[in-house]
Amino acid sequence: VRPEASPPIECREPGSEPGPDDEFDGDRLDGCRWNAVVRPDYHGFRVRGGMLEIDTTPTDLFGSSNNAPNLMLQQWPYEDWTVETKVVAPLQEQWQQGGIIVYDSDATFLKFGLVGISAPGTHPVERKLEIRHEIDEVFQNDFPEAIVPNTPGDVYWLRLQKRGDEYRGFYSVDGQAWRDLAPDPVVNRALGDAKVGVYAFGSSNEPVTVGFDSFRLVEASGGDVEPPVTSAALDP
């Protein structure tokens, strides 16, 4: 039995700028912060117990699918940044997944997350961590991944770092020691104005619920907001 849906998304402080960090307190998603949600399905997510919960669905963003609901996104004013989330990911089978997403459109995005890779009914369950991305519906060939251990409570910490057009993923199984997913960054030059947030989708059999305990901006630099200044002189 699926839990009841939370009340609809609500902007708690209209006209304010709440900042990107969220501990997911209360009983609904803060619409002032999460102001760019893609395909919201109020029966497929909820905020409770200090966590944003998203139910996986038999959907995807790759190829012609482009139907994954509840991409929880924020308008993003930062140029270079690192974001971090604590994820409770009881993934049980192939393609169930959740993590951090940088989203321009269904055709152009980058996701960094945990993915189940076991056939239904397999024990113990195997999971991997991966970066996958597309530009104009074209799957990009730089896609680092690594098998990750199962953890007590299925808890993982993820960090995604952006420097220019380069993206690098880091992960931790205890919130203290961090490992780099790959030695080289992933390059995507089509995400300059993309939104940032979290996601969970993918299920080949029964859905599971992926929980996000927190979402935090670790560090950032602002975008270029100064208008250009030019001058000219006539000769003669």
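Reply: A close look, starting from one side chain

The side chain of Ser172 reaches the backbone oxygen of Ala177 at 2.8 Å, which is a polar contact (a pair of N or O atoms within 3.5 Å; within protein, one must be able to donate a hydrogen and the other to accept it, and residues adjacent in sequence count only if both atoms are side-chain atoms). The model is predicted, so local features need pLDDT of at least 70 and side-chain atom pairs count only at pLDDT 80 or more, while totals for chains, interfaces and linings use all residues. Residues are numbered from 1 along each chain as its sequence is written, and side-chain values use heavy atoms, with hydrogens and water left out.

Ser172 belongs to strand β11, which covers residues 166-172; strands (E, at least two residues) and helices (H or I, at least four) are DSSP runs, numbered from the N terminus. With a relative accessible area of 2%, Ser172 is buried, where buried means under 20%, exposed means over 50% and partly exposed lies in between (1.4 Å probe, protein chains only). Once its neighbours within four places in sequence are set aside, Ser172 is in contact with Tyr156, Trp157, Ala177 and Trp178, contact meaning heavy atoms within 4.5 Å.

Trp178 leads on to a charged residue, since the charged end of Arg159 sits over the ring of Trp178, 4.1 Å from its centre; the rule here asks that NZ of Lys or CZ of Arg be within 6 Å of the ring centre and within 35 degrees of the ring normal. Arg159 also forms a salt bridge with Glu84, in which the closest N and O atoms are 2.7 Å apart, a salt bridge being a side-chain nitrogen of Lys or Arg within 4 Å of a carboxyl oxygen of Asp or Glu. This pair links distant parts of the chain, with Arg159 in strand β10 and Glu84 in strand β4, 75 residues apart. Arg159 counts as partly exposed because its relative accessible area is 25%, whereas Glu84, at 11%, is buried.

Glu53 forms a salt bridge with Arg48, the closest N and O atoms being 2.9 Å apart. Glu53 counts as buried because its relative accessibility is 13%, while Arg48, at 42%, is partly exposed.

By the salt-bridge rule the count comes to 18, and another of these is the pair of Glu145 and Lys128, whose side chains meet at 3.0 Å, N to O. That pair also links distant parts of the chain, with Glu145 in strand β9 (residues 145-148) and Lys128 in strand β7 (residues 127-135), 17 residues apart. Glu145 is partly exposed at 41%, and Lys128 is buried at 13%. Salt bridges that share partners join Lys111, Lys128, Glu130, Arg132 and Glu145 into one network.

Tyr42 and Phe45 form a tilted pair, with 6.1 Å between centres and 55° between the planes; Tyr42 is partly exposed at 36%, and Phe45 is buried at 1%. Trp76 and Tyr78 form an edge-to-face pair, 5.1 Å centre to centre with 75° between the planes, in which Trp76 is buried at 12% and Tyr78 is partly exposed at 26%. Trp76 and Tyr78 are among the members of one aromatic cluster, which also includes Phe24, Trp34, Trp81, Tyr167 and Phe215.

Technical notes
Phe/Tyr/Trp six-rings, centres within 6.5 Å; stacked < 30°, edge-to-face > 60°.
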